[in-house]
Structures are given as C-alpha cells and as structure tokens.
Amino acid sequence: MSKCRRNLTLAALLAAPLLATPAMAETYNLGRPALPAEMKAWTVEVFPDGKNLPEGSGSVSDGESLFADKCAACHGDFAEGVDNWPKLAGGADTLARKDPVKTVGSYFPYLSTVWDYAHRSMPFGDAQTLTVDETYAIVAYILYSNDLVEDDFVLSKENFLDVKMPNADGFIVDDRPTTEYPLFSKAACMTDCKKDVHITMKATVLNVTPDQEGGEDSAAADTPADAPADTVVATAASEGASAEAMAQDAPAAAEETAAAAPAATQETLDADPALVAAGEKVFKKCKACHQVGDGAKNKVGPVLNGLIGRQAGTVDGFKYSKSMKQHGEDGLVWNEETVQAYLADPKGYIPKNKMSFAGLKKADDVKAVLAYIESQGG
Amino acid sequence: MDEKERHATPATGTGFSRRGFLRAGAAAGAMAAGAGAARADQQPDPLITEVQSWAQGWGDGVDATPYGLPIEFESDVIRRNVGWLTADVISSINFTPIHALDGTITPTGCAFERHHSGAIELKKEDYRLMINGLVDKPLVFTYEDLERFPRENRTYFLECAANSGMEWAGAQLNGAQFTQGMIHNMQYSGIPLRTLLEEAGITNLGDKIKDKWVYAEGADASSNGRSIPLEKALDDCLVAIKANGEALRKEHGYPVRLVVPGWEGNMWVKWLRRLEVTDEAVQSREETSKYTDTLANGISRKWTWVMDAKSVVTSPSPQMPIKHGKGPLVITGIAWSGRGAITKVDVSIDGGANWQEARLAEPGVDKAMSRFYLDIDWDGSEMFLQSRATDATGYVQPTKDALRAIRGENSVYHNNGIQTWWVKENGESENVEVSS
C-alpha cells in the first residue's frame with residue numbers, strides 16, 4: 001500500500017522539479033480534519049485590512065473605566081506606562097531623536113495590531129478574558145490617550161479602518177541587501193588597517209552589569225527608571241544618556257510599613273527554611289508587581305511588608321481599587337486562609353480589584369510564598 | 001603617543017613558529033607559576049605525595065543522580081538576567097554563559113530563555129497542532145502524530161534579534177554573557193515544515209507560493225504570532241520535537257517549537273500550536289511594534305529577519321580574566337551567520353589594526369555556530385581583542401561604527417558589530433569601544 005504511494009511519488013518527482021509540484025508530494029494520512037469550531041476558536045488574529053475583526057463596538061468612556069480596572073496597573077491611568085511597563089500613549093515626533101518613545105500613537109503602523117494583541121494576550125497574566133466590546137472600548141481609550149480621537153468616539157468594526165495611524169508610513173522592508181551587504185562584502189583588511197587605536201568608550205563608566213556572585217536573582221539589582229519598556233534593550237549608553245540610564249529609583253527608606261503588623265504570631269510559616277526557599281521561587285511570579293523586605297515600596301502592587309494581620313486595602317500611599325478598600329472596611333484581614341482564597345481566584349474573591357494576576361492555584365504554593373513573605377518581614 | 005603606538009603593536013607577529021611557541025611557553029610557565037604548581041626548588045606537591053580522600057573512599061553510586069547537573073564547582077556557569085532591562089521576569093530574557101563554554105553545542109540547561117508570557121507547562125497529551133488557512137484540508141495533529149512523520153537532525157544557532165542591543169550606543173555591559181549571550185546552538189530533531197504543509201495540501205496555491213505566508217503562533221498567553229514567508233517555510237524550517245537529543249526543555253517550548261534557521265529567535269515560536277497559510281502578513285505586535293529597526297531618520301525597517309554574520313571572543317573576556325600571566329594563551333570565541341556557514345574568523349589583538357586568521361575547530365556548518373581558536377604567546381602587554389567573522393556569502397562582520405553610520409543609534413535590534421575587549425596587563429578585561 002504505502003509502497004505504491006511511494007512509487008507514484010517517485011514518478012512525479014522524476015517528471016518535474018520539486019517546487020513546482022507540491023501536488024505530487026508524499027502524504028502520510030496522519031492527523032485528522034480540523035473542525036470548523038476548532039478553527040474558529042483559534043483563528044482569532046486580526047489583519048490590517050480588518051479581516052477576522054468581530055462585530056462589536058466600544059466607547060472611549062467605557063474604555064476609560066475598563067482601562068483603569070484592567071490595564072492601568074501596568075500601563076498607567078493615561079496609558080503613559082508605569083515603571084518599565086510599555087507606554088501606550090505619547091511619544092509623538094520622537095522617532096528621529098535620541099531614545100525614541102514608541103507607543104501606539106507614535107509607532108504602531110496598524111490599529112489591527114493593538115486590537116489583536118489586547119484581545120489575544122492582555123491583560124498580562126489574565127489573557128483572553130476581554131470581551132469583543134471591551135476590547136473595542138479599551139482600544140478606543142488608547143486612541144483617545146494618544147489624542148487620535150475625541151472623547152465621544154465609539155470604535156466599531158464599521159469605522160475601524162477609518163482611524164489614521166500617525167506612523168502608518170513609517171516602515172520600509174528590510175533593505176540590508178542593498179544598503180549594507182555590498183558595503184560589507186569586500187575583502188577584509190589584514191594589516192595596518194588603522195593608525196590610531198584608542199579607547200572611545202568604556203562599559204565600567206556605566207557600572208550597570210549585574211553582580212555575578214550568586215544565581216540569577218542577584219542580577220535584579222538596580223532599576224534605571226527610563227529603560228524602555230518590554231524590550232530587552234536598555235537606554236542608550238553614551239555619555240549623554242548614561243545619567244538617565246543610571247537613574248535609580250530613590251532608595252526607598254524602609255519606612256514603618258510593618259508598623260501596622262502585629263508581631264509574628266504563634267507558629268510562623270517562615271520557621272521552615274525549605275518552605276521559605278520554595279516560596280522565594282514562587283514569589284518570582286509576584287515580584288513583577290510587589291516588593292517585600294527592607295526598602296520595599298509600592299510598585300504596581302502594594303508592599304507586602306506586614307501583610308499577615310493587615311486589613312485589606314490599607315497600605316499607605318497605594319491607590320487601591322474601590323472594591324479592595326471596601327473589602328477591607330468590611331473586615332477582610334490577610335491571613336493564610338484569606339490569602340489562599342484570594343489567590344485561588346483573585347477576580348472571583350474580590351471582583352473588580354486591580355490585580356491582573358491569574359492567581360496561584362496550588363495551596364502549597366500559597367503556603368510557601370507566605371512563608372517567604374513572612375521571612376522578609378511580611 | 002607612545003601609548004597609542006604600543007596599542008597598535010601586535011604582541012606577537014603572524015609568523016609564529018611552533019618551536020618558538022613551545023620555548024616561550026616553557027619560559028613563561030617557570031615565571032608565572034600558578035597556585036599549587038610545584039617547581040624544582042619547592043616542596044613536593046601534597047596533592048601528589050599525599051593520599052587524597054577521593055583516592056581512598058567511594059564516590060557516588062550510579063543511583064545518586066538519575067538526571068545530572070554539572071558538578072557543584074561549576075555552579076557559576078549559569079544563565080543570568082539583567083534586572084533593569086525589563087519590567088519583570090515573566091516577559092524577559094536571560095543570557096547564556098558563553099564566556100565559560102567551549103565547543104559549539106550549547107548545553108541545554110544554560111541555553112538562554114526569552115518568554116513574552118512566561119515558560120508554560122504543556123503536556124504532550126494536551127498538545128495539539130493545527131494547520132489551517134489556505135490549505136487543501138485543514139488538519140489537527142497530536143504529539144504522537146508528529147512522531148510518525150519522517151524527521152531530520154540538524155544543528156542551528158538561535159540568536160535573539162536584540163542580542164547586543166544594549167551595546168548599540170556604546171559599551172555598556174561588562175561580560176560576553178551579557179553583550180552577546182542571547183544565543184544558543186542546538187541539534188534539533190524535527191519534521192521539515194514542508195512535510196506538514198504538504199500533508200495539509202498546498203496544491204491550491206499553484207505557483208503563487210512566493211506571495212503567501214505562514215502565520216505561526218504559540219499556545220502561551222502571549223501567542224507570539226509571527227508571519228513567515230511560505231518560501232522560507234518550505235525551504236528549511238523544522239517543527240522540532242527534540243533538542244540536543246532530548247525532549248525540548250519547558251523554557252525552549254516543550255513539547256514542540258518551530259525552528260527558523262538563520263532568522264531572528266523571536267520567529268522560532270515555542271509551544272507551537274497553529275500554522276495558518278495566509279495571503280498577507282498578520283502584522284502582529286512582534287513584527288510591527290517590536291523587532292523592527294528604527295533608523296536615524298525615524299523610519300523603521302520591518303521584516304529584518306536574517307541574523308547577519310557575527311562573532312565574539314568568549315575568553316579572555318571580562319568574566320574570564322587571564323590568571324596565568326604571560327606565555328601560552330588560548331584565545332577562543334564563537335561565530336555564526338544566518339546566511340550560511342562561517343568560512344573564516346580573524347582575530348586582532350591590537351584593536352583592529354592588524355588581524356590574524358584564527359583556527360576553526362571544525363569546518364563551518366550552514367547557519368550553525370562555529371568555534372575558533374587563536375593560540376598566542378602573550379607578552380603580558382595590554383591587548384584590544386577583537387574577532388571578525390566572514391560567511392559563505394563573503395560578508396565580513398562590520399564594526400559598530402560602520403553599522404551606526406548606516407542605521408544610527410536607535411536601531412536596538414540586529415547589532416552584529418565587532419566587540420572589543422580591553423585586556424589589561426593584569427589579565428583582566430573590560431568591554432570598550434575603540435577608534436575606528
């Protein structure tokens with residue numbers, strides 16, 4: 001059976017060049033047909049011409065509250081970006097200057113990309129939870145934040161392609177084959193290639209190389225304020241920019257964040273070093289947004305010093321959601337049990353709270369991370 | 001003046017005889033004796049004259065380590081990340097310790113990682129690969145289905161487009177791990193993507209293959225969707241199920257990842273779940289707002305997929321100081337090109353004034369990493385160490401200045417410029433740039 005097929009294929013191969021005859025390619029009858037419902041579920045990418053964009057709409061004003069609830073923790077209330085998280089607004093006319101600010105308004109050539117990514121991959125840690133209308137509304141709000149639409153604007157499938165993206169014409173297809181390859185394909189010089197060799201720049205001037213004594217975590221030391229968000233590339237390192245690149249968050253004084261916390265109660269979890277170590281690993285999922293320990297301060301999420309025994313929504317200087325504050329006022333106090341319940345289903349336990357985190361499903365992980373937090377002064 | 005002249009003077013000429021090398025080496029060895037090395041006029045070395053514990057008792061039994069890690073003495077040879085680069089560690093990158101490795105295959109456990117939404121755990125049983133779009137019959141494969149297609153073994157480097165990105169505007173990070181470490185080189189076992197696309201059927205496309213695309217996306221929350229020209233997909237891409245002989249590691253896309261030889265790492269979609277043949281590029285986030293290269297005039301290049309020829313001296317380097325003093329010194333490094341095999345690597349010890357051809361450990365392999373060595377008799381004076389790769393197309397790795405002259409300083413991605421290590425008389429090195 002398969003032998004016959006192989007012979008057929010061979011004959012076809014002999015008859016014509018390979019590329020021209022995909023029709024004759026050998027097949028193996030593996031896999032099964034993809035069902036329409038399956039293809040519909042996964043084929044969600046949106047093309048620049050609006051292909052695959054679902055019916056729906058959303059207003060700037062709806063988008064504003066959705067954005068505050070679901071996006072602002074990282075991207076800022078006005079899409080200006082918090083810490084190193086991506087800035088979504090601003091940056092107009094900065095592309096040709098040093099350290100361009102690349103946002104939806106200043107850089108994205110297609111609006112479809114924004115809709116597609118928000119719908120497919122956001123909110124960070126809780127992807128694929130936005131409804132179609134919510135996505136339209138959030139995208140409308142991002143456009144408004146970039147001064148591209150008025151505050152009464154409603155984005156829909158119908159008017160989607162009418163939105164003009166400022167940098168739509170800002171791209172060219174890779175031109176290295178003409179601009180670079182001829183230049184860099186000449187015979188290389190081997191001797192007396194230059195007269196003068198002197199140092200023009202040193203890395204040690206910046207001193208931003210991670211300490212390498214310990215493992216991977218020792219690298220996460222200083223945080224220059226202006227490193228571009230969500231790229232793996234730092235601010236330009238020339239002398240002019242170095243101060244900016246080096247700028248650190250003001251050393252956070254270990255304020256009396258723990259003052260409200262009752263002294264470690266009964267038998268504390270942090271007594272078990274193995275549990276603390278396991279918790280430190282789990283905490284990697286938290287530390288994008290939360291700090292704990294000496295010098296911790298509020299970031300995207302509140303400091304966790306003094307967490308155990310604290311009334312929910314009461315860290316000084318942190319802007320909580322209304323619902324988190326309300327839960328605290330209604331008597332929610334953080335302990336192993338309540339943290340466990342909260343992290344099992346953050347949005348279910350406290351609807352409309354700000355934390356965009358899917359949670360920790362395993363009870364052991366919660367126990368471990370609490371042990372770590374306690375060991376750090378939580 | 002004297003200083004500059006000295007910089008420009010090679011510490012050794014290109015005509016270096018083996019006999020001279022050996023003689024010089026012997027002399028240097030006598031002068032720069034390392035700790036523990038016995039000399040004729042010293043006490044005998046107790047490591048030799050006394051029975052050591054490891055020569056007396058037992059080591060570990062064969063059941064001690066069902067799957068091994070490197071010995072504890074090598075615990076500093078690990079991936080490292082740079083905390084200030086990204087907002088968090090979930091959407092971030094770490095770096096291969098290339099400074100401490102040799103050969104060409106990157107040990108999987110220290111091969112760098114880049115995730116956009118964290119490294120997910122996806123079981124083989126839960127794995128599905130869909131092929132749809134402009135195919136004759138859209139299909140779904142399980143992992144077991146994939147194992148039944150004829151597969152191939154091929155070795156390729158994977159370099160992140162942003163490798164050396166922090167170095168665009170000047171020397172910034174002090175160590176080859178951080179400056180060039182977003183790279184690894186593995187042997188993949190996988191099914192040619194052509195085989196899978198032909199299984200779904202592309203006869204309907206006729207001769208229109210040139211205009212079509214394959215949109216590849218992952219199963220993780222980021223999806224990391226990328227549009228790949230169908231021609232490339234049919235040429236040399238693989239759907240890999242193994243790397244370096246074993247299952248892919250979680251962080252490298254277990255159980256299935258796409259291999260896009262010679263092209264930027266972001267396109268090597270991990271946890272590959274869908275391949276859609278399309279009429280046009282999707283223009284996803286990762287191919288518009290990211291992985292595009294902004295030129296000095298504010299215009300950006302897109303679809304800059306190919307990784308051009310590049311090399312770096314991995315030792316000596318800032319993390320690999322010379323500890324033995326003058327005498328025989330092995331200068332080594334790695335080179336690669338997304339456009340073909342490496343054919344030649346030159347090394348300069350005087351900042352690019354004079355070059356010597358280094359020895360390739362093995363003949364270059366198409367789109368795979370090469371290892372080079374230059375064995376010199378170091379006279380103990382400072383060096384400005386550089387390496388310069390040439391690939392099968394005749395392309396010669398340019399200086400950073402030459403790249404910046406064309407692209408400006410905001411390009412971020414695709415920095416394949418020549419790296420300079422300033423090796424000082426005490427053997428320590430520093431990342432610098434020198435005049436061109």
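This is a predicted model: local features need pLDDT of at least 70, side-chain atom pairs count only at pLDDT 80 or more; totals for chains, interfaces and linings use all residues.
**View 1. Domain 2 of chain A in contact with domain 3 of chain A.**

**View 2. Helix 9 of chain A packed with helix 13 of chain A.** Helix 9 (residues 273–282) and helix 13 of chain A pack at an angle of about 100°, with their axes 7 Å apart. Because angles of 65 to 115 degrees count as roughly perpendicular, helix 9 of chain A is described as roughly perpendicular to helix 13 of chain A. Helix 9 of chain A contributes Leu275(A), Val276(A), Ala278(A), Gly279(A), Glu280(A) and Val282(A) to the contact, while the residues from helix 13 of chain A include Asp365(A), Lys367(A), Leu370(A), Tyr372(A) and Ser375(A). The residues of this contact divide into nine nonpolar, two polar and three charged.

**View 3. Helix 11 of chain A packed with helix 13 of chain A.** Here helix 11 (residues 336–344) and helix 13 (residues 363–375) of chain A pack at an angle of about 130°, with their axes 10 Å apart. That angle makes helix 11 of chain A oblique to helix 13 of chain A, and the crossing of these two helices is right-handed. Glu336(A), Val339(A), Gln340(A) and Leu343(A) of helix 11 of chain A meet Ala363(A), Val366(A), Lys367(A) and Leu370(A) of helix 13 of chain A. By class, the contact of helix 11 with helix 13 of chain A has five nonpolar, one polar and two charged residues.

**View 4. Chain A in contact with chain B.** In this interface, 87 residues of chain A are in contact with 99 residues of chain B. The elements that give two or more residues to the chain A side are strand 1 (32–33), helix 2 (36–42), helix 5, strand 4 (171–173) and strand 5 (199–202) of chain A, and the largest share, six residues, comes from helix 5 of chain A. By class, the side of chain A that touches chain B has 49 nonpolar, 20 polar and 18 charged residues. Strand pairing also links the chains, in that strand 1 of chain A and strand 5 (residues 139–142) of chain B pair in the antiparallel sense over two bridges, with Leu139(B) as the bridge partner of Pro33(A).

**View 5. Domain 1 of chain B in contact with domain 2 of chain B.** The domain assignment of chain B gives domain 1 (108–299) and domain 2 (310–432), and 28 Å separate their centres, taken over C-alpha atoms. The contact takes 28 residues from domain 1 of chain B and 25 residues from domain 2 of chain B. Strand 6 (152–159), helix 5 (176–180) and strand 14 (293–294) of chain B each supply at least two residues of the domain 1 side. The residues of that side of domain 1 of chain B divide into 14 nonpolar, 11 polar and three charged.

**View 6. An open sheet of three strands in chain B.** The strands of this sheet have the order 1-2-3, with antiparallel pairing, and the edge strands are strand 1 (80–81) and strand 3 (114–115) of chain B, each of which pairs on one side only. Two bridges join strand 2 (residues 92–95) of chain B to strand 3 of chain B, and Ser92(B) stands opposite His115(B) in strand 3 of chain B.

View 7. Most residues other than glycine have a negative phi, and most peptide bonds are trans.

Note on methods
Residues are numbered from 1 along each chain as its sequence is written. Chains are lettered from A and ligands numbered from 1 in the order in which they are written. Two residues are in contact if their C-beta atoms, placed from the backbone, lie within 7 Å. Axes are lines fitted to C-alpha atoms, for helices over the stretch in contact, and angles run from 0 to 180 degrees between N-to-C directions. Helices (H or I, at least four residues) and strands (E, at least two) are DSSP runs, numbered from the N terminus. Angles under 35 degrees count as roughly parallel, over 145 as roughly antiparallel, 65 to 115 as roughly perpendicular and the rest as oblique. A crossing is left-handed if the near helix is turned anticlockwise from the far one by less than a right angle, and right-handed if clockwise. Ala, Val, Leu, Ile, Met, Phe, Trp, Tyr, Cys and Pro count as nonpolar, Asp, Glu, Lys and Arg as charged, and the others, Gly among them, as polar. Two strands pair if DSSP finds at least two bridges between them. Domain bounds come from an automatic or database domain assignment.
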